[in-house]
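Trainee: I would like to learn how to read a structure feature by feature. Please begin with the terms.

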Amino acid sequence: RVKKLPKGFVWGGATAAYQVEGATKVDGKGKTMWDDYLKAQGRFSPDPASDFYHLYPEDIALSKKYGLNAIRVSISWTRIFPNGYGEPVQAGVDYYHRLFKECLDNGIVPYVSLHHFDSPKTLFDDGDWLNRKNIDYFVDYAKFCFEEFTEVKHWFTINELISLAYSQYIQGNFPPSHKFDVTSAIQAEHNELLAHARAVNLFKDNGYDGEIGLIHVLQPVYPYPETPENQHAADLSDAFMNAFLLDGTFKGEYTDKTMKLINEILDANDAKLDIEPGDMDILKKASTRNDYFGLNYYQPSYFAAYDGESTNHFNGTGEKGTSSFKFKGVGQAVKNPNIPTTDWDWNIYPEGLYDILKRVSSEYPNSKEIFITENGLGLKEELPEGATQDTIINDDKRIDFVDQHMEAILKARSEGVNVNGYFIWSLQDQFSWANGYNKRYGLFFIDFATQKRYIKKSALWYKALADTMK
Ligand code: BGP
């Protein structure tokens, strides 16, 4: 379907430190909020993950070979500051310099996030983003990175503020596993926005060389079936999942329209949001200073009205049809029978990406330039019997998925949306926070037992499209 990439298109693969690095106990690294949590849960371990800490040269060589020109990585805060603050650990600093050098030497531009779901354990125990002290520590850590890693020219502050807040305090599938704690969720969102805004203001005030933005995952919410009541449920969910964060980031205010919906949710849940004097000035100042916007897109949701108590089941095993989500004062997620879903009940709807791109570009012009920083398809995949290093693993479904989403992106682009890059989630197979090792997304297959890399057919497809830019 997609025949050609625009010249100069950023064509990358995405990773996150904790999902790929492994080596969680070496070189003075401090614990994140995940280490003890995963151990107690006993389902899977963050070691060795994709052993990227040691094998990054292999993955970067593959990236080069298969036509990528960029990579998303994140810095693990606790490799540098084991407790989140204090003296930096040289071994951690050195590792990231080596990694960035390897990328640059191979023509792979690193796009670097400072925070991808891996809060330091000490700060997590002290309230994480709910504790405003955390914001100060984050800004100190950001400042250190901006001044130390001057070879990095493309920064993102925080990855997916909503997923973190929502998974920690609503869905309950990230530590500390609270369910429907609406006060904490909305407060965490606001505080993370502040942390982002302060880091951007610092970056611009100090005139560091490079560009900066943040990453939101956006999930358009459609009513199903289309009735006025269901439309209202969809609007409420949209305010909570998308509009609140987009407003805070690119308008520097929560608009009346958004706050009316948010207040309806807060009232229904006896919840409150605490905005301190000066907060909105910080957001306002940063709102025009982002150089670009990282947009992650996987799926839309379909919502219907609901007036009972909150309950949910998170499908973290890939047993199709087991998820449910009913949120008091918002609505319930429903299945649209016309929309295919994955084994993890994620809706497949490429047009949703087109819709959300058009919306961001018209409603949030301060987003300036957009990169799709994650998009991809999680599948259960196995190494075929008797596979050798030459075996190509067939993932036609993934190719079809990415192709359709690229088509949506290029259509939006042809209509004037300033979208200039795409990072597939994920570069190589890695572990999934709440799903473990059987939900694979990579262009490159990893046999986690041997750490051998194998090529998937999608990598060949990726390369063929890369060649159209030549
Ligand atoms: C995003 C995260 C990634 C990644 C991806 C896939 O929310 O930024 O870290 O995990 O989603 O999600 P999952 O692993 O739950 O399938």
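Mentor: Helices (H or I, at least four residues) and strands (E, at least two) are DSSP runs, numbered from the N terminus. By that naming, Ser426 sits in the loop between S14 and strand S15 (444–447). This is a predicted model, in which local features need pLDDT of at least 70 and side-chain atom pairs count only at pLDDT 80 or more, while totals for chains, interfaces and linings use all residues. Residues are numbered from 1 along each chain as its sequence is written, and side-chain values use heavy atoms, with hydrogens and water left out.

Trainee: Which residue is joined to Ser426 by a cis peptide bond, and what is omega there?

Mentor: Most peptide bonds are trans. Here Trp425 and Ser426 are joined by a cis peptide bond with omega about 10°. Asp47 and Pro48 are also joined by a cis peptide bond, with omega about 0°. Pro48 belongs to the loop between helix H2 (35–41) and helix H3 (52–65).

Trainee: What about phi at Phe180 and at Asp270?

Mentor: Most residues other than glycine have a negative phi. Phe180 is not a glycine, yet its phi is positive, about 50°. The loop that holds Phe180 runs between helix H8 (161–169) and helix H9 (182–205). Asp270, also not a glycine, has a positive phi of about 50°. Its loop lies between helix H11 (256–268) and helix H12 (279–286).

Trainee: Are Phe180 and Asp270 buried or exposed?

Mentor: Buried means under 20% relative accessible area, exposed over 50%, and partly exposed in between (1.4 Å probe, protein chains only). Phe180 has 15% relative accessibility, so it counts as buried. Asp270 has a relative accessible area of 75%, so it is exposed. Of the 470 residues in the protein, 63% are buried.

Trainee: How do I describe the surroundings of a single residue?

Mentor: Take Gly421, found in strand S14 (residues 419–424). Its relative accessible area is 0%, so Gly421 is buried. Apart from neighbours within four places in sequence, Gly421 is in contact with Phe9, Val10, Ile370, Phe371 and Ile372. His154 is found in strand S4 (residues 154–159). His154 counts as buried because its relative accessibility is 18%. Not counting residues up to four places away in sequence, His154 touches Val109, Pro110, Tyr111, Val112, Glu211 and Tyr292.

Trainee: Where is Pro88, and which residues does Pro88 touch?

Mentor: Pro88 is in the loop between helix H4 (77–80) and helix H5 (90–105). With 32% relative accessibility, Pro88 counts as partly exposed. Residues up to four places away in sequence aside, Pro88 touches Ile80, Phe81, Val93 and Phe144. Gln219 lies in the loop between strand S5 (211–217) and strand S6 (221–223). At 19% relative accessibility Gln219 counts as buried.

Trainee: What does the protein amount to as a whole?

Mentor: The protein has 15 helices and 16 strands. Its radius of gyration is 21 Å, close to the 23 Å that the globule rule gives for 470 residues, so the protein is as compact as a globular protein of that length. That radius is taken over C-alpha atoms, and the globule rule is 2.2 Å times the number of residues to the power 0.38. Along its principal axes the C-alpha trace spans about 55 × 55 × 45 Å. Among contacts with a separation of 6 or more, 79% are between residues 24 or more positions apart.

Trainee: Which side chains have a polar atom or an N or O atom placed by an oxygen atom of the ligand?

Mentor: A polar contact is a pair of N or O atoms within 3.5 Å; within protein, one must be able to donate a hydrogen and the other to accept it, and residues adjacent in sequence count only if both atoms are side-chain atoms. An N or O atom in the side chain of Ser432 is 2.5 Å from a ligand oxygen atom. For His116, a polar side-chain atom lies 2.8 Å from an oxygen atom of the ligand, and for Glu374 the distance is 2.9 Å. Taken alone the ligand exposes 380 Å², of which the protein buries 91%. These areas come from the Shrake-Rupley method with a 1.4 Å probe; for residues, only the protein chains shown count as cover.

Definitions and conventions:
Contact = heavy atoms within 4.5 Å.
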